[in-house]
Amino acid sequence: MTNIDWQPLEQFLQGANRFVVASHVRPDGDALGSSVGLAEWLDGRGQTSLVVSPSPVPPRYDFLATPGRIGHFGIDITSEHLNTYDALIILDLSSWSQLGALSEWVHSFAGPRLVIDHHVSQDEMNAVVLKDTRAESTGTLVLDAIRRLDGLEAINPVVARALATAILMDTGWLAHPNMTASTLTDLADLVKRGADLAEIHRLLFQRGTVGRVRLLGEAMARVRLEAEGRLAWSAVSFADFARLEALPADTEDLINHLMSIDSVQLALLFVEQRDGSVKCSFRSRKLNCAKLAGDFGGGGHRAAAGATLEGPMAVAIQQVRAAALELLDHALKADPT
Ligand SMILES: [Mn+2]
């Protein structure tokens, strides 16, 4: 449940007929689940939509939509094709950097645009912005919009499965502190509309490769603890992927394993990208990850955030470690318990 007034969305939908639905780089369950849920709902309303991702869709999410439903920008979708659409809906982001390769096209797109999001960070995107930073996921917001505008009957099993995936992944399967009683109400509604949560869990977590398991093993074997165990970090180089037969998308859950250590207050995971830049993920139960990531040009949520730094890896690690150790030191002085 949110306090967003969805009438601007209704007006936006009535003002156009062909929509591009776009989300962020390195898409996660919320980005893809909310995009597919929204797009399938629009189809049910007799409108046309195209889901486009600036990065490849990780294989674990291939069950969300029929093959070809989600286009990969630059590979099977061109700017020229996107320009044939009337309007743009952006989900699960509100900063230009998160659009990756799509950023240039979005800047140039002449049609109206609307953002539905729950992130704190925000750039001026010349869009109608429908945002609730207290919402646990963008999927929650899309569900709320459908419920208010068309009623729960408008949710078919494909929409229900996509939105349940979004909510479950952004709440760490109900394990993160952003989940509330309304998360359960929302999931109950989606189960009634055909979402099979046990099946979603199987599709997400039991169709991996041996490469993913090897990557987990190596990344965890390399764990480093600092600040009396309050900081844990690990790193994956780009060469690791080929050597272990793993994919960059296989790093998605690694950082949660660092958070499984009792003493850890802040976890960092460094992943070297193909171009030599370094993606750093931040997780904490009490420190402000969004602020720390912001110091490196990134952003996100208080408990989970990310930033991309220039390489080489050793320099990126050194810079973020130094800032992390300083933050932990301040936190310890403020609250010695
Ligand atoms: Mn999200």
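Analyst: Happy to. Buried means under 20% relative accessible area, exposed over 50%, and partly exposed in between, with a 1.4 Å probe and protein chains only. This is a predicted model, where local features need pLDDT of at least 70, side-chain atom pairs count only at pLDDT 80 or more, and totals for chains, interfaces and linings use all residues. Residues are numbered from 1 along each chain as its sequence is written, and side-chain values use heavy atoms, with hydrogens and water left out.

User: Great. Which protein donors does the manganese ion have?

Analyst: D30 (OD), D92 (OD), H118 (NE2) and D170 (OD), at 2.1 to 2.3 Å from the ion. Donors here are N, O and S atoms within 2.8 Å of the metal (3.2 Å for Na, K and Ca); water is not among the atoms, so sites may look incomplete. Along the chain their spacing reads D-x61-D-x25-H-x51-D. D92 sits in the loop between β4 (87-91) and α4 (103-108), and H118 in the loop between β5 (113-117) and β6 (128-131), so this pair ties together parts 26 residues apart in sequence. Helices (H or I, at least four residues) and strands (E, at least two) are DSSP runs, numbered from the N terminus.

User: And D92 and H118, buried or exposed?

Analyst: Both D92 and H118 are buried.

User: What about L88, where is that?

Analyst: L88 is in strand β4 and is buried, with a relative accessible area of 0%. Leaving out residues up to four places away in sequence, L88 touches F12, V20, A22, W105, V106, F109, P112, R113 and L114, where contact means heavy atoms within 4.5 Å. The C-alpha atoms of L88 and P112 are 6.4 Å apart, although 24 residues separate the two along the chain.

User: Switching topic: how many cavities of 30 Å³ or more are there?

Analyst: There is 1. A cavity is a set of points, on a 1 Å grid over the protein atoms alone, where a 1.4 Å probe fits but cannot get out; lining residues have an atom within 4 Å of a point. Grid points are joined across faces, edges and corners, and a volume is the space filled by probe spheres set on the points. The largest cavity comes to about 40 Å³.

User: Which residues line the largest cavity?

Analyst: Its lining includes S23, H24, P27 and A31. Both α2 (29-44) and β2 (48-53) supply at least two lining residues each.

Key
1 Å grid on protein atoms, 1.4 Å probe; cavity = no way out; pocket = protein on both sides within 12 Å on 5 of 7 lines; lining within 4 Å.
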